[in-house]
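Please inspect the sequence and the model before working through each solution.

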Amino acid sequence: MIWSLSFDPLVPLWLLGTGSVLALVLSALLFYLGLRGAFLRMLALALLLVGIANPSLYQEDRTPLSTVVALVTDRSQSQKLDGRAQDTEEARAAIAEKIEVLEGFDLREVGVETATGLRNDGTVLFSALADSLSDVPPERIGGAIVITDGQIHDVPESASQLGFEAPLHAVITGHPEEIDRRLRIVSAPKFGLVGSRQPVMMEAVQSGNVADADQTAMLTIRHNGSGEESRIVEVNEPFEVTIEIGHGGQNLYEFEISAVDNELTTINNRSVVSVDGIRENLRVLLVSGSPHAGERTWRNLLKSDAAVDLVHFTILRPPEKQDGTPINQLSLIAFPTRELFSVKIDEFDLIIFDRYERRGVLPLLYFDNIAQFVMNGGAVLVSGGPDYADISSIYQTPLSRILPAAPTGQTLDMPYHPQISELGERHPVTRQLPGADESPPAWSRWFRLVDSTLTSGQNLMTGADDRPLLVLDRVGDGRVATLLSDHVWLWARGYEGGGPHVTLLRRLAHWLMQEPDLSEEALRLQANGQELQIERQTLSEQVDPVVLTSPSGETEVHELEAIEPGLWRKTVAATELGLYEADDGVRRALINVGPANPKEFLEVISTDNVLAPLVEATNGGTPRLRSTPASFAVPDVTALGEANSYHGSGWIGLKRTDASVLNGIRKYPLFAGFLGLALLLLVLSAMWYREGR
């Protein structure tokens, strides 16, 4: 019960105040003149004024409310290092038990994971704290305890922003002897021309107990998961690494620095830079032999692509022309054979021979140059007709050592539907080719096929009598393709509805120019929001399980599911920021989820420096669970009233509040009714009695 006194004047306050002043002046005058009964007269005036003020007693019926305390547990990625997670859970359970035995306290527990949505927000602990106490009046809050490594990224600038006036305590995990080394990407290109060299600025940052630590580190560089290069770098000093853009599309460069003795974690010793390779322009040399109906098919396709620089030569002299005109006089301009096939051959990305046959224009030495061009990483496509089966076939040159299909000398002239082979159904060049899912395929027939025998390579399409039609092969560092028919132009002209010539030929050209998306054997990782997609492209009928390693070092084994022939996938949740690695025992794939330098791993050394100013402003404490690597102690929790300090050696305190809820109020007027009238009459009677004497 709570009692209180209040007044409810029967007249305006100004009138009551004026009467009080007059009564005071009159009383003083009576005492000054020494009149008898002055005291009784003053008492009567006072009682009259009190009666007009109408005093009342109020009785409040209140129920005390519990004091609310928040216990916030940091479960972010950095808290999973070096046994911190176990220490955190033990401390949380112990502190929660100690608070629950305190009478009049209500505990609210909050767990904080890595920032939602995989943003670069780091550990957003105070936002979670504010949300948990949003429905509690500030006067009911008795404090907050956070269990963390101290690496918080949303610390308020002042204690007033907490929303309550009570102690904040930070129980720190980890120990003071920690040391860590991490690789920080200062700047890196997003795009680069294929073949160009680009600078990457980075720094090996070493922090913590570094007094006796090595001041140099070994930097290892890998391109697309293979090909290592190493160098020594100084720690805590920015340095530059030059990378070469090897191909179009995504180029992944993995950088890793060596660990230091007793390092806290090596998770942040690696970083990946992804650079999109852009070809300035693809240089294609198209050499056409005898004129035929499909000659413009290749030219139109290549000219329609703005990213292609096409150099096209057509040899106009047909085989039957025997007029004695010298070869070098049959064109409007001289065929620059030496420049194209000797001096500048390496400037081309792809050489296409379209129904080309030997006529003495190109010496055999130049064909040897072309074969060497492929061995060194170039690409050649032979689109053959009767010329390929003839005695003057391009196969009868040094190119035979790189071509995968040897002609038998026969040409089959009969209608047939080009078919995708069993292997071709799994190859990215011919997989899911539009119209291939019907029987017969939903495209027009062809009427010519060069009979050949496979000497190597992969047969992706077949023609009449199941003979090879499209054969691909890898030779040295380069690639070769042979199309054993010159009737692809029927699809381009729309004969019998046409066919997917654009899709087929573009895929074929891009595969020849080693576009990574068309690689037959590949393991890829792709991030899409909060999902991570593991993709395996293969020509095999089965794939091995993939081991996925998260940024925190945890591993999971995933069985991939067949999506379509040759393509296997599995989608998993990406719950952490940082570098993921997929490994199937043969191939590795890397991807960085989120920013290149996520806040969660910018600093992983446990510290009380970040929270100390805010904790001190609330009279709280920052005890460590481990003062040494071997020690472990959870602070005691006690309840206090108003105090100047809420912490001490081995203990932290919570503020006990006086908050309550009002159930009802009773009012007792003091001078209303007969009681007030009786008191006033009693004093007046005493005054008259005194004066009557």
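**Exercise 1: The second largest cavity**

Among the contributors to the lining of the second largest cavity, α10 gives the most, with 4 residues. Helices (H or I, at least four residues) and strands (E, at least two) are DSSP runs numbered from the N terminus. The model is a predicted one, in which local features need pLDDT of at least 70 and side-chain atom pairs count only at pLDDT 80 or more, while totals for chains, interfaces and linings use all residues. Residues are numbered from 1 along each chain as its sequence is written, and side-chain values use heavy atoms, with hydrogens and water left out.

*Task.* Determine which elements each supply at least two residues of this lining, and how the lining residues divide by class.

*Solution.* 

Step 1. On a 1 Å grid over the protein atoms alone, a cavity is a set of points where a 1.4 Å probe fits but cannot get out; a pocket is an open set with protein on both sides within 12 Å along at least five of seven lines; lining residues have an atom within 4 Å of a point. Grid points are joined across faces, edges and corners, and a volume is the space filled by probe spheres set on the points.

Step 2. List the lining. It consists of L282, V284, L301, L302, D305, V308, L350, L505, R506, A509, H510 and M513.

Step 3. Assign the elements. At least two lining residues come from each of β15 (282-288), α5 (295-303) and α10 (501-512).

Step 4. Sort by class. Ala, Val, Leu, Ile, Met, Phe, Trp, Tyr, Cys and Pro count as nonpolar, Asp, Glu, Lys and Arg as charged, and the others, Gly among them, as polar. The lining then has 9 nonpolar, 1 polar and 2 charged residues.

**Exercise 2: The largest pocket**

*Task.* State which residues lie nearest the centre of the largest pocket, and which strand gives the largest share of its lining.

*Solution.* 

Step 1. The largest pocket holds about 980 Å³ of space.

Step 2. Its lining comprises 36 residues, and N224, H247, P516, A522 and L523 lie nearest the centre.

Step 3. β10 (216-223), β13 (249-257), β24 (478-483), β25 (522-528) and β32 each supply at least two lining residues. The largest share, 6 residues, belongs to β25.

Step 4. By class, the pocket lining divides into 12 nonpolar, 13 polar and 11 charged residues.

**Exercise 3: Residues in loops**

*Task.* Are T265 and D154 buried or exposed, and which backbone nitrogens do their side chains reach?

*Solution.* 

Step 1. Buried means under 20% relative accessible area, exposed over 50%, and partly exposed in between (1.4 Å probe, protein chains only).

Step 2. T265 lies in the loop between β13 and β14 (270-278). Its relative accessibility is 8%, so T265 counts as buried. A polar atom of the T265 side chain lies 3.1 Å from the backbone nitrogen of I267.

Step 3. D154 belongs to the loop between β5 (141-148) and β6 (168-172). D154 is buried because its relative accessible area is 16%. Its side chain reaches the backbone nitrogen of L125 at 3.1 Å and that of F126 at 3.0 Å.

Step 4. For contrast in accessibility, consider N262, also in the loop between β13 and β14. N262 counts as exposed, at 72% relative accessibility, and its phi is positive, near 60°.

**Exercise 4: A sheet of 4 strands**

*Task.* Give the strand order of the open sheet of 4 strands, and identify its edge strands.

*Solution.* 

Step 1. Two strands pair if DSSP finds at least two bridges between them.

Step 2. The order is β28-β27-β31-β32, with antiparallel pairing. β28 (555-558) and β32 (588-593) are the edge strands, each pairing on one side only.

Step 3. β31 (residues 578-583) pairs with β32 over 6 bridges, and L579 stands opposite N592.

Definitions and conventions: A polar contact is a pair of N or O atoms within 3.5 Å; within protein, one must be able to donate a hydrogen and the other to accept it, and residues adjacent in sequence count only if both atoms are side-chain atoms.
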